[in-house]
Every structure is written in structure tokens, then in C-alpha cells.
Number of protein chains: 2
Amino acid sequence: MADGGKSRAVVLLSGGMDSCVCATLAARDHDVAAVHVSYGQRTEERERQSFLAICRHLNIPDTLMVRNEALREIGGSALTEDGIAVPTAPLPAEGVPVTYVPFRNAHLLAVAVSWAEVLGAKKVYIGAVEPDSSGYPDCRPAYYEAFNAVVKAGTKEGKIQVVTPLIAMRKAEIVRLGLELGAPFDLTWSCYSQEDRACGVCDSCVLRLRAFALAGVSDPIPYAAT
Amino acid sequence: MADGGKSRAVVLLSGGMDSCVCATLAARDHDVAAVHVSYGQRTEERERQSFLAICRHLNIPDTLMVRNEALREIGGSALTEDGIAVPTAPLPAEGVPVTYVPFRNAHLLAVAVSWAEVLGAKKVYIGAVEPDSSGYPDCRPAYYEAFNAVVKAGTKEGKIQVVTPLIAMRKAEIVRLGLELGAPFDLTWSCYSQEDRACGVCDSCVLRLRAFALAGVSDPIPYAAT
């Protein structure tokens with residue numbers, strides 16, 4: 001154990017508001033190593049900037065930024081395929097939206113678990129959220145329960161655990177928790193389609209803006225005039 | 001369904017003897033799409049040659065070759081980290097050998113399942129083998145059972161199944177099955193360390209040579225004089 005006796009943990013950090021709060025929480029309790037995966041999502045450069053800025057703010061020196069070529073090649077999502085437009089709100093009442101990236105979180109978790117195995121970390125944090133989210137199948141508790149069984153069966157010692165501290169929280173509660181913990185929301189990026197000013201109208205912006213409004217605070221990042 | 005009514009399947013094809021037999025079997029029963037993942041393994045160029053040659057032989061037009069940057073960056077294996085030598089036989093009596101690539105098969109399966117989801121394929125074939133193998137944790141039936149629960153929970157329709165037709169077979173039986181099916185063993189590559197002539201002494205070569213010897217046939221690929 002390094003860093004004053006804290007145990008190691010790997011955190012998946014996209015640079016969005018949820019993963020920022022998740023990383024802030026993990027860094028309070030663990031010696032954290034943070035990973036970002038670019039998979040051809042429209043805003044990957046902006047995400048990488050946020051990732052690095054958040055890691056600097058949280059004093060996380062151990063970072064891994066990797067590209068996943070497969071998800072872009074495979075496409076099938078508005079985030080990775082140019083021919084599919086990012087929809088603007090309102091979100092569909094039911095069903096999986098076109099921003100779903102097929103089986104994406106398995107790719108992200110595979111990277112984090114491989115790295116945890118090599119680092120000797122026993123926990124992998126991911127900021128997946130079910131309520132107020134986009135209805136992605138890989139953001140539900142049952143998915144993470146199942147994934148933990150794979151990690152148990154498929155790693156050398158079987159002792160790594162994927163943890164999802166935000167999974168049952170409403171988005172506004174995540175904002176409040178982030179404020180309590182001092183999460184650097186000003187450094188985050190959630191927009192699916194723009195990299196200079198957030199569009200304010202994609203699924204991700206709409207959910208974010210609603211969360212800040214419900215929490216009664218203003219969102220510190222810049223939005224395009226709409 | 002294309003190809004005379006056959007349903008679609010995605011096959012993970014490294015170019016080794018097991019995946020070649022697995023692909024031959026899959027191509028008999030399905031309209032196959034084949035995927036190869038290069039992850040910085042020492043023999044990746046040679047594997048890609050074998051992958052393409054086997055796909056040509058089996059009339060598989062739909063191929064995907066992708067690079068996974070993360071496993072090389074993460075290292076921790078003799079296959080991906082220059083500082084760890086590929087051991088020569090005998091295999092250790094117990095424990096996981098240094099050729100184990102941490103949580104590798106989750107990366108491979110994630111690619112195959114994402115692609116299957118976009119293609120509308122309902123099966124993903126992988127030539128994992130438990131008996132006579134290197135003792136990797138991600139080559140055991142329990143691992144695939146757990147992975148199928150993840151696929152069920154984490155995909156849009158939850159209807160894709162990972163199948164492992166060779167998992168309980170002895171290596172010599174796989175040779176016999178391949179001969180029955182007409183699998184192109186001459187086009188395969190299994191060696192962990194060399195790309196021109198197989199070394200004959202790494203874990204993978206030793207297991208392969210033993211399998212052909214037990215099956216009573218000669219291995220058609222070239223080996224270095226030892």
C-alpha cells in the first residue's frame with residue numbers, strides 16, 4: 001500500500017460529471033490510478049482534456065489513456081458512427097437510445113480490470129448510474145453483479161471487485177455529493193456532440209442541466225446559447 | 001439470414017490451431033464473420049497472416065482486424081512485455097504461467113459481442129480449451145457461463161450467446177476433429193515467440209506438437225531445428 005496506507009484502486013474516468021464525482025470519492029479512500037478510453041466518440045479530445053485536468057486536481061499521478069479502435073470500427077451508435085446523428089432532447093420514453101454504444105462498458109471494464117490485476121489493485125470504480133440516465137443496458141446493477149462474477153472467474157486471484165457507488169443515485173443527488181466532496185465540476189465535460197461549448201440539447205446535456213437545476217446550483221461549464 | 005439460410009455468427013480467430021478448428025466448425029453451420037485482435041503479442045503480424053489465409057480458405061468475406069492498445073500498455077505478460085521472457089517447456093505443474101495476459105479474453109469477447117450486436121448475429125464462437133491447456137483462468141467453462149450472464153444483462157436484446165465448442169476437448173481430439181472437418185492446419189500459427197519457423201519449445205508449441213503426435217499425424221507447419 002502506498003500513499004499513507006491507502007489501498008490501490010483503479011478508476012474509470014471519462015471526464016463527465018458522474019465519473020468525476022466517482023473519482024473524487026475513490027481518491028478520498030484509495031491510492032487511485034485513473035484510466036480514460038477514447039473509442040472514437042465525437043468529443044474524445046475534449047474528454048481527454050477533462051480527464052487530465054481532473055487527475056491534476058485530485059493529485060492522481062498514475063494515469064493511463066488508451067485508444068480502443070474496435071468500437072469505432074464497429075460503429076452502430078450515434079457517438080461513434082458519423083451517419084447516425086446525436087438526437088436532441090426529449091429522451092425517448094422507453095427503449096435504448098441511438099447513443100448506446102454496443103456493449104461499450106465491457107470494453108472499458110476489461111481495460112480497468114487488466115490494469116488492476118497488474119497494479120495489484122483490488123477495486124475498480126466506475127461511475128455508472130441507473131436512475132435519470134439514458135436507459136443503457138450496461139448501466140444497471142444486474143450488469144455489474146454479472147461482471148463481477150466474470151472477474152472472479154477470469155483473473156489470476158479472483159479478488160478484484162468492480163464497485164459502482166453512484167449506481168442507485170438520482171442525478172441531482174450526485175451533484176450534491178460532488179459539491180460536498182469538492183468534486184471539480186468546472187473541469188468536467190458531458191456533452192455528446194460539441195467540444196468548445198456544451199450544446200445543451202443532447203441527452204447528456206439535458207440530464208446534466210436538469211440535475212444541476214434540481215440541486216439548486218448553477219452548472220459551471222459554458223453552454224452554447226440556444 | 002444470408003448464405004442459403006444460415007444464421008450469422010461471429011468467430012474469434014487468432015490463427016492458432018484451436019481457433020482454426022473452431023472457425024471451420026462455425027463456418028459449416030453459420031454465415032460467419034471473423035475477427036482478429038492484435039494486442040501487442042510478439043507474433044501478431046504472423047497471426048494476422050494466418051487469420052487472413054484461413055478466412056480465404058473458409059470463404060469468410062466479412063473480416064475485422066483491430067488493434068487493442070491497452071493490453072500492450074498494461075503489460076504484465078511474457079506475450080506483451082519485452083522484459084518478461086517467453087518460457088520454454090516444461091510447463092509449470094500448477095499456477096498460472098507468465099504467458100497469461102491479464103484478463104485478455106474479456107477484451108476479445110467484448111469486441112466480438114459488440115460486433116455481433118451490430119451485425120445481428122446471435123452467436124459468438126471462441127476456441128477456448130481447458131484440458132491440455134496452459135491453465136489460464138479465462139479458458140474455463142465457469143468463465144464463459146459468467147460471461148454469458150454479462151452479455152444477457154448488458155446488450156440491447158440480451159440474445160447473443162458465447163459458445164465454446166472445444167472447451168472440454170483434449171488437444172489431440174481437436175486435431176482429429178480438425179482433420180475430419182478439413183480445417184487448414186497448414187495455414188495456422190501457434191508459436192508464442194517466432195514468426196518464421198515455430199520455435200517448438202514455448203508452451204504453445206509444446207502443447208501443439210504433443211497433440212499432433214498423440215493424434216498420430218504430422219504437424220504441417222515448419223519448426224526450427226532444436
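## Relation of the two chains

A rotation of 180° with 0.0 Å of shift along its axis brings chain A onto chain B, with an RMSD of 0.0 Å; the superposition is by least squares on the C-alpha atoms of residues with pLDDT of at least 70 in both copies. The two copies are therefore related as by a two-fold rotation axis. Both copies use the same surface, since 100% of the contact residues of chain A recur in chain B.

This is a predicted model, in which local features need pLDDT of at least 70, side-chain atom pairs count only at pLDDT 80 or more, and totals for chains, interfaces and linings use all residues. Residues are numbered from 1 along each chain as its sequence is written, while chains are lettered from A and ligands numbered from 1 in the order in which they are written.

## Interface

Between the chains, 37 residues of chain A are in contact with 37 residues of chain B (contact: C-beta atoms, placed from the backbone, within 7 Å). On the side of chain A that touches chain B, the elements giving two or more residues are strand 3 (62-67), helix 3 (69-74), helix 4 (104-119) and helix 5 (141-154) of chain A. Helices (H or I, at least four residues) and strands (E, at least two) are DSSP runs, numbered from the N terminus.

Helix 4 of chain A provides the largest share of this side, 10 residues. By class, the side of chain A that touches chain B has 23 nonpolar, seven polar and seven charged residues. Ala, Val, Leu, Ile, Met, Phe, Trp, Tyr, Cys and Pro count as nonpolar, Asp, Glu, Lys and Arg as charged, and the others, Gly among them, as polar.

## Sheet of chain A

Five strands of chain A form an open sheet in the order 3-2-1-4-5, with parallel pairing; two strands pair if DSSP finds at least two bridges between them. Strand 3 and strand 5 (161-163) of chain A are the edge strands, each pairing on one side only. Neighbouring strands are turned against each other by 25° on average, direction ignored. Axes are lines fitted to C-alpha atoms, for helices over the stretch in contact, and angles run from 0 to 180 degrees between N-to-C directions.

Strand 1 (residues 8-12) and strand 4 (residues 123-125) of chain A pair in the parallel sense over three bridges. A:V10 has A:V124 in strand 4 of chain A as its bridge partner. Helix 4 of chain A packs on the sheet and touches strand 1, strand 2, strand 3, strand 4 and strand 5 of chain A; the direction of helix 4 makes about 145° with that of strand 2 of chain A. Helix 2 (residues 44-57) of chain A lies across strand 2 (31-38) and strand 3 of chain A, at about 170° to strand 2.

## Helix packing

In chain A, helix 6 (residues 171-181) and helix 7 (residues 203-215) pack at about 65°, with their axes 8 Å apart. These two helices of chain A are therefore roughly perpendicular to each other (under 35 degrees is roughly parallel, over 145 roughly antiparallel, 65 to 115 roughly perpendicular, the rest oblique). The contact of helix 6 with helix 7 of chain A has eight nonpolar, no polar and three charged residues.

In chain B, helix 1 (residues 17-29) and helix 6 (residues 171-181) pack at about 40°, with their axes 10 Å apart. That makes helix 1 of chain B oblique to helix 6 of chain B. Residues of helix 1 of chain B that meet helix 6 of chain B include B:M17, B:C20 and B:R28.

Technical notes. Two residues are in contact if their C-beta atoms, placed from the backbone, lie within 7 Å.
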